Amino acid sequence: MGQCVIEIEHVSKSFKGMQVLNDVNMTCSGGNIYGIVGHNGSGKTVLFKCICGFLRVDSGNIAINGKVMGKDLDMLKHTGIIIEEPGYIRSLSGFRNLEYLYRISNKKDTAAIHAAMLKVGLDPCARKKVCNYSLGMRQRLAIAQATMEDQEILILDEPMNGLDKEGVAEMRKFFSDQRSMGKLILLASHNKEDIEVLCDEVYEMSHGTLKKTAG
Amino acid sequence: MAAPWPCRHMAAEKEDMSRMLYGRFFRQALTERVFCSRTYSVVFLQGVIQYLYMCPVVRASKDMECGASPWVFPFLSSNLFFLLLFMVGIVYSFSDVPFMQNKNMYQVIRTGRMRWAAGQISVIFAQAFLLMAVNALFPMLLLAGSCEYTLEWGKLYHTLALTGGSEAYRLLFAFSYEAMQRFSPLELLGLTVLIGTLVIAFVGLLMFAVSLYINRSVAVTLAFLMVVMIYLVENIHPLLRRGTAMFVPVNWMRVTQIGIKMHDSFMQPSVVYMLAALAVGITVCAGLICIKIKRMEFQWYKEE
């Protein structure tokens with residue numbers, strides 16, 4: 001089976017004259033976890049949004065398996081994402097929220113949702129509404145959302161936010177398992193330990209520029 | 001050199017092309033928009049307002065020992081103050097444009113830009129129809145105790161239209177005898193729902209488009225201005241009234257004024273003009289929305 005490859009070449013992006021990404025280059029392939037560290041506002045989330053197709057780059061190319069975002073691809077579908085604060089329909093349970101998204105793809109068998117929720121430590125049968133979820137539970141639900149459709153690429157911005165120590169350990173194992181399944185994982189985190197433990201390559205984003213620091 | 005497109009992705013793309021039905025997303029998005037606190041509160045308030053408007057009719061019906069036919073909504077929607085309150089509720093129900101809360105991010109990544117845009121446009125239409133249908137049904141429920149199930153206007157409304165009954169019972173809206181002569185109940189109700197649906201859809205699409213091109217505050221303000229314009233039409237010099245009414249779509253929901261003359265001039269433009277103008281307006285808004293979403297940069301905001 002072929003591997004997913006994301007090629008980021010000379011990507012720049014600015015907002016109202018402020019350079020947020022400056023000549024960013026990076027190549028990622030499946031079966032690896034790529035860590036991106038950097039201060040708040042350094043451009044990590046913007047880079048992730050550009051890869052997903054939510055934002056268009058000013059110059060340069062982002063290609064996914066040779067297909068250029070914005071030209072050949074409209075949006076990076078079949079990708080698991082957690083970007084910024086996860087949002088849900090607050091009046092529904094966690095399962096119903098995931099089912100809602102799952103059915104958009106016209107998939108009917110909900111066993112995958114059950115499995116994804118169990119893997120992240122949530123009870124799929126619980127009727128508790130998302131508005132009553134703790135921050136950690138919402139984060140776990142976001143991870144289940146990002147993985148329930150067996151997505152090849154996972155783009156995770158601070159996925160450990162709000163998780164307790166045990167939760168962090170569980171999720172680290174979960175992401176390692178995903179890597180061994182051949183998934184391409186891009187992970188942004190402020191937690192150095194997460195990055196050191198999980199990532200095969202580490203990049204640092206500073207003032208819009210990306211430098212490889214490890215791996 | 002890039003690696004070949006993975007087998008699993010190819011399969012997923014094919015599945016996407018052949019099986020991922022647009023209808024599925026439409027149904028999901030409609031459910032989300034209908035079964036939410038915003039819609040519940042709008043429908044509840046519209047129900048309360050209709051109740052207040054219906055009380056005198058029920059009283060008149062009991063006093064005159066004469067059943068009230070259920071086709072009262074066209075008269076209600078032709079009342080200036082009711083229409084104002086009704087449309088304020090509609091503007092509120094669309095005030096979450098451009099539907100780009102954090103939760104929508106997960107939808108867009110699954111649907112793609114254009115399918116998402118088409119889904120939202122269709123949902124606005126469906127929501128408009130449902131709001132009109134529910135409001136057309138309310139009087140039938142509120143009059144249930146004194147209802148006369150007939151396809152005619154019934155004696156009560158003719159009496160209230162032609163005598164001083166309206167004043168005696170302090171009716172908050174008028175029954176138009178001319179409209180009863182010109183249209184059958186089903187015709188007028190159908191026309192009300194049709195024009196109402198198109199007007200609400202136009203308002204919703206205009207708000208969506210303006211929120212995409214400018215911002216949400218301007219979209220809501222513009223919609224409120226469109227609603228308030230019905231006061232201008234009502235109070236402007238009679239000779240200028242029809243000319244002004246041609247540019248105020250919300251006023252077209254006052255269907256009992258269709259074909260009625262005031263000072264040798266029709267109070268409303270013709271139905272053909274209304275339908276054509278709404279079709280053009282809706283098409284232009286939908287086109288602008290699609291063009292913008294194709295190119296735009298998505299900025300997500302937190303849930304309210």
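Trainee: Which residue in β9(A) is the bridge partner of A:Ile36?

Mentor: A:Tyr203 is the partner. Keep in mind that this is a predicted model.

Trainee: How do you know that β3 (residues 32-37) of chain A pairs with β9 (residues 201-206) of chain A?

Mentor: Pairing needs at least two bridges. Here 4 bridges join β3(A) to β9(A), so the two strands count as paired. They run parallel.

Trainee: What makes β9(A) and strand β10 (residues 209-214) of chain A a pair, and do they run parallel or antiparallel?

Mentor: The cut-off is again at least two bridges. β9(A) and β10(A) have 5, so they pair. Their direction is antiparallel. One of the links is between A:Val202 and its bridge partner in β10(A), A:Ala214.

Trainee: How many residues lie between β9(A) and β10(A) in the hairpin?

Mentor: There are 2. In that turn, A:His207 has a positive phi of about 50 degrees.

Trainee: Now chain B. Why is α11(B) called roughly antiparallel to α12(B)?

Mentor: Start with the angle. Helix α11 (residues 185-213) of chain B packs against helix α12 (residues 216-235) of chain B at about 150 degrees. Angles over 145 degrees count as roughly antiparallel. The value passes that cut-off, so α11(B) is roughly antiparallel to α12(B). The axes are 7 Å apart.

Trainee: What is the hand of the crossing of α11(B) and α12(B)?

Mentor: The crossing is right-handed.

Trainee: Which residues make that contact?

Mentor: From α11(B), they are B:Val203, B:Leu206, B:Met207, B:Val210 and B:Ser211. α12(B) gives residues including B:Arg216, B:Leu222 and B:Met226. By class, the contact of α11(B) with α12(B) has 10 nonpolar, 1 polar and 1 charged residues.

Trainee: Back to chain A. How is chain A divided into domains?

Mentor: Domain 1 covers 1-78 + 152-215, and domain 2 covers 86-151. The C-alpha centres of these domains of chain A lie 23 Å apart.

Trainee: How do you know that domain 1 of chain A touches domain 2 of chain A?

Mentor: Contact requires C-beta atoms, placed from the backbone, within 7 Å. By that test, 15 residues from domain 1 of chain A and 10 residues from domain 2 of chain A take part, so the domains are in contact.

Trainee: Which element gives the largest share of the domain 1 side?

Mentor: α5(A) does, with 5 residues. The elements giving two or more residues to that side are β7 (153-157) and α5 (165-180) of chain A. That side divides into 7 nonpolar, 5 polar and 3 charged residues.

Key:
Residues are numbered from 1 along each chain as its sequence is written. Chains are lettered from A and ligands numbered from 1 in the order in which they are written. This is a predicted model: local features need pLDDT of at least 70, side-chain atom pairs count only at pLDDT 80 or more; totals for chains, interfaces and linings use all residues. Domain bounds come from an automatic or database domain assignment. Two residues are in contact if their C-beta atoms, placed from the backbone, lie within 7 Å. Ala, Val, Leu, Ile, Met, Phe, Trp, Tyr, Cys and Pro count as nonpolar, Asp, Glu, Lys and Arg as charged, and the others, Gly among them, as polar. Axes are lines fitted to C-alpha atoms, for helices over the stretch in contact, and angles run from 0 to 180 degrees between N-to-C directions. Angles under 35 degrees count as roughly parallel, over 145 as roughly antiparallel, 65 to 115 as roughly perpendicular and the rest as oblique. A crossing is left-handed if the near helix is turned anticlockwise from the far one by less than a right angle, and right-handed if clockwise.
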